[in-house]
Amino acid sequence: MVGVMNRLRNLDAYPKINEDFYRRTLSGGVITLVSSLVMLILFFSELQLYIHPVTETQLRVDTSRGEKLRINFDVTFPALQCSIISLDSMDISGERHLDVRHDIIKRRLDSSGNVIEAKQDGIGHTKIEKPLQKHGGRLEHNETYCGSCFGAELSDDACCNSCEEVREAYRKKGWALSDPESIDQCKREGFVQKVKDEEGEGCNVHGFLEVNKVAGNFHFIPGQSFHQSGFQFHDMLLFQQGNYNISHTVNRLAFGDFFPGVVNPLDGVQWHQGQQSGVYQYFIKVVPSIYTDVHQNTIQSNQFSVTEHFQGMEGGRMQSPPGVFFYYDLSPIKVIFEEQHVEFLHFLTNVCAIVGGIFTVSGILDSFIYHGQRAIKKKMEIGKFN
C-alpha cells in the first residue's frame, strides 16, 4: 500500500515549494489583480451566454409548394376618401381579385387624422323605399324587390338591389359606370353625394390578404378596376377629374406572423406627393423564414427587403392609373432561425479555457517583467562598480 502511494506521489505534476522560497513583487500583485478582473468579466460573459439561448441561422432551398401567403397591412391616405379607394391583388398565375372587400376595414379620417367612422368595407347599404323594380314599375306592398342591373345581368333572374351590386355587375361585365346618377339604386342611396361629402377627408385601410405563394402585386387606387378581353381597366370617371394626391403612410406591412428579431423595413414609412400625380411603387423581395424557439414552437413567416420608385406623368399622361403599388417576389432561399441553449459541458470547457488561458498568460507576463527588472538592476549595479 505504501509503495502504491509513493508511486502516486511521484506522478504529482504540481510539486509544492516551501513558502520561505516565495518572493512577492509589486508587478506580480498588479498583474494578479488585472488578470483576476479580466477572468471575472469573461466568466460572467460566458455565464450569460449559457443562461440565455442563442439563435442559430441556417440557409436552405425553399421546396414548399401550394402554400398561401398572408399579407398584413395598415396604410393611411391623408388626402383620399374611403369611398374612392379600392384594393386589387393579382399574381403571375393569372389569379386576380379586384376591389377586395373581405377582411378589410376602412376608417374615415378628418383633416387632423382623427377617426370619423370605422366599418368593414362592403357590408350593408342604405335602406330604400319603393325602389324601381326590374320590370320597370315601383315596388308595391307585399312584393319582393328585384332591382335592375341595367343590362349587366349574368342571368335572367339576377337582381341588383343596391348601387354596390350594380357596380359589381358592371365590373364583372367589363363595363364602366360613367353616370351613377342615371342608376336608380345609386341615385336613391345618394352614392355620388356621399363621395362629394367625403371630399377633404383621409382614409386608413387595414386588414389582410391571403394570396398564392407566387410573385404578384397588390395596389391601392382611386376608382374601381374591371377586367375585359384580357386587359385590366380602371373606372375613375365617376369620382373626379384631375390630380389625385396619393400621399400615404405605411403604418405596418408584414408578410406573415411576427417572430423575435424580425424587422419590417416599411413600418412607419411616409411619402408626401408633390404637385405631380403619379404611381408610387414598392418592389419587395420576400424571404421565407422559419423560427423555432427553445420550446420547439415553430413560426412560419417571412422577412423582406424593399426598394421604392415614383413614376410621374409623362407628357401629361400616365402609363398606369395613379395609386400605390406593392410588387412582391419570392426568394428561393429559406432562412431558418433556431434558438438553442449552450450545453453544460461546452460551458464548462469554455470556463476552464478562460481560467487556464489567463493564468498562463499572466504567469508568462509576470515572469518576463520580473526577469527583466532583475537584468536591468544587475546591469546598473555592474555600472556602479566600474
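What follows is a short chat about a predicted model of one protein.

Reader: Before anything else, what kind of model is this, and how are residues numbered?

Author: This is a predicted model, in which local features need pLDDT of at least 70 and side-chain atom pairs count only at pLDDT 80 or more, while totals for chains, interfaces and linings use all residues. Residues are numbered from 1 along each chain as its sequence is written, and side-chain values use heavy atoms, with hydrogens and water left out.

Reader: Fine. How many helices and strands?

Author: The protein has six helices and 16 strands. Helices (H or I, at least four residues) and strands (E, at least two) are DSSP runs, numbered from the N terminus.

Reader: And what share of the residues is buried?

Author: Of the 386 residues, 38% count as buried. Buried means under 20% relative accessible area, exposed over 50%, and partly exposed in between (1.4 Å probe, protein chains only).

Reader: Where does UniProt put the transmembrane region feature?

Author: The unreviewed UniProt entry places "transmembrane region" at residues 21-44 and 344-370. UniProt positions are in the numbering used here, feature names are shortened, and annotations may be inferred rather than shown by experiment.

Reader: Helix or strand at 344-370?

Author: Residues 344-370 are 100% helix and 0% strand, and the end C-alpha atoms of that span lie 38 Å apart.

Reader: Which residues make up the nonpolar surface patch?

Author: Leu 26, Val 30, Val 34, Val 38 and Leu 42 form it, with about 450 Å² of accessible area together. Patches are made of residues with over 30% relative accessible area and no salt bridge; like charges are joined within 9 Å, nonpolar side chains (Val, Leu, Ile, Met, Phe, Trp, Tyr) within 5 Å. Leu 26 lies in helix H2, residues 26-51, and counts as exposed at 72% relative accessibility.

Reader: Switching to cysteines. How many disulfides?

Author: Counting a pair of cysteine sulfur atoms within 2.5 Å as a disulfide, there are two. Cys 82 and Cys 203 form one, with sulfur atoms 2.1 Å apart. That pair links distant parts of the chain, 121 residues apart: Cys 82 is in the loop between strand E2 (68-77) and strand E3 (85-91), and Cys 203 is in strand E7 (residues 202-212).

Reader: Are Cys 82 and Cys 203 buried or exposed?

Author: Cys 82 counts as buried at 7% relative accessibility, and Cys 203 is buried at 0%. Their link is right-handed, with 105° about the S-S bond.

Reader: Which cysteines does the other one join?

Author: Cys 149 and Cys 160, S to S 1.9 Å. Both cysteines lie in the loop between strand E6 (115-120) and helix H3 (163-173), so the pair ties together parts that are 11 residues apart in sequence. Cys 149 is buried, at 2% relative accessible area, as is Cys 160 at 3%.

Reader: How many salt bridges turn up?

Author: A search of the whole structure finds four. A salt bridge here is a side-chain nitrogen of Lys or Arg within 4 Å of a carboxyl oxygen of Asp or Glu.

Reader: Which residues are linked in a network?

Author: Asp 62, Glu 67 and Lys 213. The closest N and O atoms of Asp 62 and Lys 213 are 3.6 Å apart. Asp 62 lies in the loop between strand E1 (54-61) and E2, and Lys 213 in the loop between E7 and strand E8 (216-222), so they tie together parts 151 residues apart in sequence. Lys 213 also meets Glu 67, at 3.2 Å, N to O.

Reader: What does Glu 201 pair with?

Author: Glu 201 forms a salt bridge with Arg 108, the closest N and O atoms being 2.7 Å apart. Glu 201 is in the loop between helix H5 (191-197) and E7, and Arg 108 is in strand E5 (residues 104-109), 93 residues away.

Reader: Last topic, backbone. What is phi at Asp 103 and Gln 296?

Author: Asp 103 has a positive phi of about 60° although it is not a glycine. Phi of Gln 296 is near 70°, also positive. Most residues other than glycine have a negative phi. Gln 296 lies in the loop between strand E13 (278-292) and strand E14 (298-312).

How values were computed
Accessible areas come from the Shrake-Rupley method with a 1.4 Å probe; for residues, only the protein chains shown count as cover.
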